[in-house]
Amino acid sequence: MPTPGLESGLEEFLLKIVPGLAEQWQGSPPEEIAQIEELAGRPLPPCYRWFLSRMGRNMGPLAYQRMDFSAQRVLTSYADGLIEPDSQFLFIGHDPDKYMPLHFFFDLDLPVRGDARVTRRPAEGFERYDQFETFREQLAYGALLSFRIGLMKQRCTALFRSNEPEVLSYLTPVMDGLGFARPVLTGRYCELYLGQDAAMVCDVVPRDEPLVVMGFTLGGSDSGALRRILGTITTETPLTLRRMEWDPPLP
């Protein structure tokens, strides 16, 4: 059974940080959702059903610049023969690239937390490139990165590395102690931290292996504030930093 309350928590988070979302998003009618469920051949993940009911026709400010996650695009792609029905993979997002399109799919055989693994692959379905453990994480990660971290005066991107797994088991207690909230339930491959004057997203490609490396982007008011956060992390944990990049570049 899906964990109750996850979609309401995601909705509250998105409405909080994405300006104008409530006025611009538009959901799909029940008949479109039912058609997609029929193509899936099994019940839709609750998070995806929620997404379609809120943003199946218009994602508002959350819309991707090139990718199309609309219910109509899903139905048209199946009807036109671009995508063949598959009991494991459900097409959810169209990539318009002319030369090597990598569309978005659910792997319905990997359900978790009322959701499912998000992967990208060609329409023919050979190689796959896993993106997020859940669609919920994809939406929340993108929203926090675009509408909070991306608007902050100073950002840094790097890798956390540890000799022992798992990265988040070391990182999260420190971030909790610094007063950061974790606004959306995530798993071992992704985490979001939201503070008063700073925010961080962390992620790694979902793989069944020990997690000793994880990328992150941290945003805040200035480099001094970010250095203090990172200094606390590296002092209180065995995590080290690799490939640090600052945006804008530091003098």
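Biologist: How many bridges join strand S2 to strand S3?
Modeller: This is a predicted model in which local features need pLDDT of at least 70 and side-chain atom pairs pLDDT 80 or more, while totals for chains, interfaces and linings use all residues. Numbering starts from 1 along each chain as its sequence is written, and side-chain values use heavy atoms, with hydrogens and water left out. Strand S3 covers residues 115-121 and runs antiparallel to S2, strands being DSSP runs of E of at least two residues and helices runs of H or I of at least four, numbered from the N terminus. The number of bridges joining S2 to S3 is seven.

Biologist: Which residue in S3 stands opposite phenylalanine 104, and which residue of the hairpin takes a positive phi?
Modeller: Phenylalanine 104 faces arginine 120 in S3. The hairpin of S2 and S3 has two residues between the strands, and the residue with a positive phi, near 50°, is arginine 113.

Biologist: In S2, which residue is the bridge partner of phenylalanine 89?
Modeller: Strand S1 (residues 89-93) pairs with S2 (residues 103-112) in the antiparallel sense over four bridges, where pairing needs at least two DSSP bridges. Within S2, the partner of phenylalanine 89 is aspartate 107.

Biologist: Which element gives the most to the lining of the largest pocket?
Modeller: Of its 18 lining residues, the closest to the centre are Tyr64, Gln138, Gly142, Ala143 and Ser146. Strand S4 (129-132) and helix H6 (135-147) are the elements that give two or more residues to this lining. The most, eight residues, come from H6.

Biologist: About how much space lies in the second largest pocket?
Modeller: Its lining includes Leu82, Tyr99, Met100, His103 and Tyr129. By class, the lining has nine nonpolar, one polar and two charged residues. The space in the second largest pocket is about 160 Å³.

Biologist: Which residues have the most contacts inside the largest nonpolar core?
Modeller: A nonpolar core joins buried residues (under 20% relative accessible area, 1.4 Å probe) through side-chain atoms within 4.5 Å. Tyrosine 48 touches Ile36, Val74, Leu90, Ile92, Phe106 and Phe135, not counting residues up to four places away in sequence. A second, separate core of 25 residues includes Leu171, Val174, Tyr189 and Ala198. In the largest core, of 52 residues, those with the most contacts are Tyr48, Phe51 and Leu90.

Notes
1 Å grid on protein atoms, 1.4 Å probe; cavity = no way out; pocket = protein on both sides within 12 Å on 5 of 7 lines; lining within 4 Å. Points joined across faces, edges and corners; volume = space filled by probe spheres on them. Nonpolar A, V, L, I, M, F, W, Y, C, P; charged D, E, K, R; others polar. Buried < 20%, exposed > 50% of the residue type's maximum accessible area, 1.4 Å probe, protein only. Contact = heavy atoms within 4.5 Å.
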